[in-house]
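Subject: Structure handover

Hello,

Here is the structure you are taking over. My notes on what was found in it follow below.

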Amino acid sequence: MSKGLYDIPSWATIETRTLAKLAGVERLFEPQYMALQAGVEKGENLVVAAPTGSGKTFIALVAIVNSLARAGGRAFYLVPLKSVAYEKYTSFSILERMGLKLKISVGDFREGPPEAPVVIATYEKFDSLLRVSPSLARDVSVLIVDEIHSVSDPKRGPILESIVSRMLASAGEAQIVGLSATVPNAGEIAEWIGGKIVESSWRPVPLREYVFKEYKLYSPTGDLREVPRVYGLYDLDLAAEAIEDGGQALVFTYSRRRAVTLAKRAAKRLGRRLSSREARGYSAEASRAEGAPRSVAEELASLIAAGVAYHHAGLPPSLRRTVEEAFRAGAVKVVYSTPTLAAGVNLPARRVVIDSYYRYEAGFREPIRVAEYKQMAGRAGRPGLDEFGEAIIVAERLDRPEDLISGYIRAPPERVESRLAGLRGLRHFILGIVAPEGEVSIGSIEKVSGLTLYSLQRGLPRETIARAIEDLSLWGLVEVKGRRIAATSLGREVAAVYLDPESVPVFREEARHLSFDNEFDILYLISTMPDMVRLPATRREEERLLEAILDASPRMLSSVDWLGPEEMAAVKTAVVLKLWIDEASEDTIYGEWGVHTGDLLNMVSTAEWIASGLSRIAPYLGLNSKVSNTLSVIARRIKHGVKPELLQLVEIPGVGRVRARILFEAGYRSIEDLATARAEDLIRLPLIGPSTARQILEFLGRADEAREAQAREMLARKGLLSYLEGDAVAGEEGE
């Protein structure tokens, strides 16, 4: 028997055996076998701490199919990022072959839980589901928490901790399975969820780790070898050596700009060797990517054709997917990426190069955490393709290889610690307990708080809980009645729309200075909210931003401190949002303000949610219905990126902001105008064509007419093609 591989035990359930057969799993990896031994099939709570690629997803699927077969109910698989949710949704399609309907839930925070036995959701979405549908906790039979070490993340940690603690406190008996590649105190996390620990260092592809300095690779074992100096540029020479041996390379670097610069340099030097027909196919796909500035799409397409690419969160999803697919297919041989790729998509490579172990935040330079290094190094080694994987950390000039070996390669990742201590996290947590029930005792709040990781690690934070309740009461979200806490109507609405409780005092304060008749004022208000993803403003942009304020809302100059970086970031965000709702293209926004499409889409999604939430809480703050309606309209405009006159048209499936403007300019300015439109006229409009015309007509209840028009158009095109082919043949015969 191969080391680390096990036969599926005879005592495994029929559900596990069926799953293994459908998944093509003939032998179990060590962590998978250990999980079966620990009782994952029987409903035991588990924390699985094992390297990337060691089969944790299969363990999750085993828990899901067995739990649903044993207890019914529903299964939720929680992830930190939307991109990971979509990747898991694709890989979980095997469940549908077992008769289990699967859905993904990452959208509107007011939506209830999808009607499906298996749901993949982000942490935030599941937290909101528990607030909108508190009975859901009793229906969940198994909760899988991917990347459970995220509980130590400053932003997502309190949300994840809140979810797990409320599930532990609920009347249901949900099985909880936490998955992680980097959690040194897995025993403590297992104690928190009342479960067992499955801990393994086994990897399907052995990992070799090195420090690179002066063209030598230093190993923890003391071995030393030279790297061939071909190009005189270490990133190229390290990547080229792996590619020459039939592998691929991932180079992680600290900034987007550097990732792009290095990728361009690599394409220039390596392009002739790496270009292929398959790469050119993916290049054509990248050039057609939707929602990307043309300059970015064309730039990336040219790199992919040369077998090279870059990857970062600023790229639109369509381009990120193309890069990932091209790399998995082997068409792209080297990808330069920011560390976000290591924490999200599963994209292994023969060799991983950590170009820098420093990061820059708020103007300060600091070393990355060991856990971040382990995440990146964990991507080394392609199962089924590589006999081993290599992770290479590049030493800076003044650093010694032995220090990096002890500080990163041999060092364990940092201990996972609770981030629930802050008032912001606790306010959100407490309102999430009180609002769904209407009224609870302080004892109930302390009971759930006592089930947090924070309480296990540091004890119950009674004083901070009292301060959080005091804030919620001061802001009008709860009423304190002795030892009982009741949610107000405002508090229930804030919890339902999932806004940060501090949004209420910020909204009240800003509303005193701003005009709801001015679009820019409203966009600035949205940009100041605690949940908003703001765009950092550089010193060079400040003068342009002040000019933008003078044009859009001069009165704001007397009410806002423009010297603060947070205020300037809010102004820049409002400026970009104004461009967006005025139908500026992604190319224009990128060209004028350097905002990448991925960042723009993230900002737009957040702004739409906040605007919609503010429109719902406005009446509870004594603001009139006009304010609420104005915010609601702004939310819809942000969602679609359009001026008011296009709002009707963009609600039609298949009609986005660009096609809506084409229809409007052609005279179709409302649903009523389209109701009498001739199919042939719609088909002939630019970017409409037969498919979109059919969608429009089907939306209007004219499905038969749509099918007939599409058939006529296809017949006409076929006839034209035949005519042209016949004409060409006649021409040849004439010669």
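**Ser 628 and its surroundings**

Ser 628 is in contact (heavy atoms within 4.5 Å) with Ser 615, Ala 618 and Pro 619, leaving aside its neighbours within four places in sequence. This is a predicted model, in which local features need pLDDT of at least 70 and side-chain atom pairs count only at pLDDT 80 or more, while totals for chains, interfaces and linings use all residues. Residues are numbered from 1 along each chain as its sequence is written, and side-chain values use heavy atoms, with hydrogens and water left out.

Ser 628 belongs to helix α28 (residues 625-640); helices (H or I, at least four residues) and strands (E, at least two) are DSSP runs numbered from the N terminus. Its relative accessibility is 13%, so Ser 628 counts as buried. Buried means under 20% relative accessible area, exposed over 50%, and partly exposed in between (1.4 Å probe, protein chains only).

**Val 533**

Val 533 lies in the loop between α23 (519-527) and α24 (542-552). With 27% relative accessibility, Val 533 is partly exposed. Setting aside neighbours within four places in sequence, Val 533 has contacts with Thr 573, Asn 602, Met 603 and Thr 606. From Val 533 to Gly 622 there are 89 residues in sequence and 27 Å in space, C-alpha to C-alpha.

**The whole protein**

There are 33 helices and 22 strands in the protein. Its radius of gyration (over C-alpha atoms) is 28 Å, close to the 27 Å from the globule rule for 735 residues, so the protein is as compact as a globular protein of that length. The globule rule is 2.2 Å times the number of residues to the power 0.38. Along the principal axes, the C-alpha atoms fill a box of roughly 95 × 70 × 60 Å.

Of the 735 residues, 55% count as buried. The accessible surface (Shrake-Rupley method, 1.4 Å probe) is about 32,200 Å², and 49% of it belongs to carbon and sulfur atoms. Among contacts with a separation of 6 or more, 70% come from residues 24 or more positions apart.

**Nonpolar cores**

A nonpolar core is a set of buried Ala, Val, Leu, Ile, Met, Phe, Trp, Tyr and Cys residues joined through side-chain atoms within 4.5 Å. The largest one has 110 residues, and those touching the most other members are Phe 126, Met 167, Phe 507, Ile 526, Leu 614, Ile 617 and Ile 638. Another core, of 73 residues, lies apart from it and has Ala 267, Ala 292, Leu 315 and Leu 404 among its members.

**Aromatic rings**

Nine aromatic pairs are present. Rings of Phe, Tyr and Trp (its six-membered ring) pair if their centres lie within 6.5 Å; planes under 30 degrees apart count as stacked, over 60 as edge-to-face and the rest as tilted. Tyr 6 and Tyr 33 are stacked, because their ring centres are 4.4 Å apart and their planes are at 10°. This pair links distant parts of the chain, with Tyr 6 in strand β1 (residues 5-7) and Tyr 33 in helix α2 (residues 30-38), 27 residues apart. Tyr 6 is partly exposed at 26% relative accessible area, whereas Tyr 33 is buried at 18%. One aromatic cluster is formed by Tyr 357, Tyr 358, Tyr 373 and Tyr 408.

Charges over rings were also found. The charged end of Arg 657 sits over the ring of Trp 580, 3.9 Å from its centre, and that of Arg 350 over the ring of Phe 388, 5.7 Å from its centre. The criterion is NZ of Lys or CZ of Arg within 6 Å of the ring centre and within 35 degrees of the ring normal.

Regards
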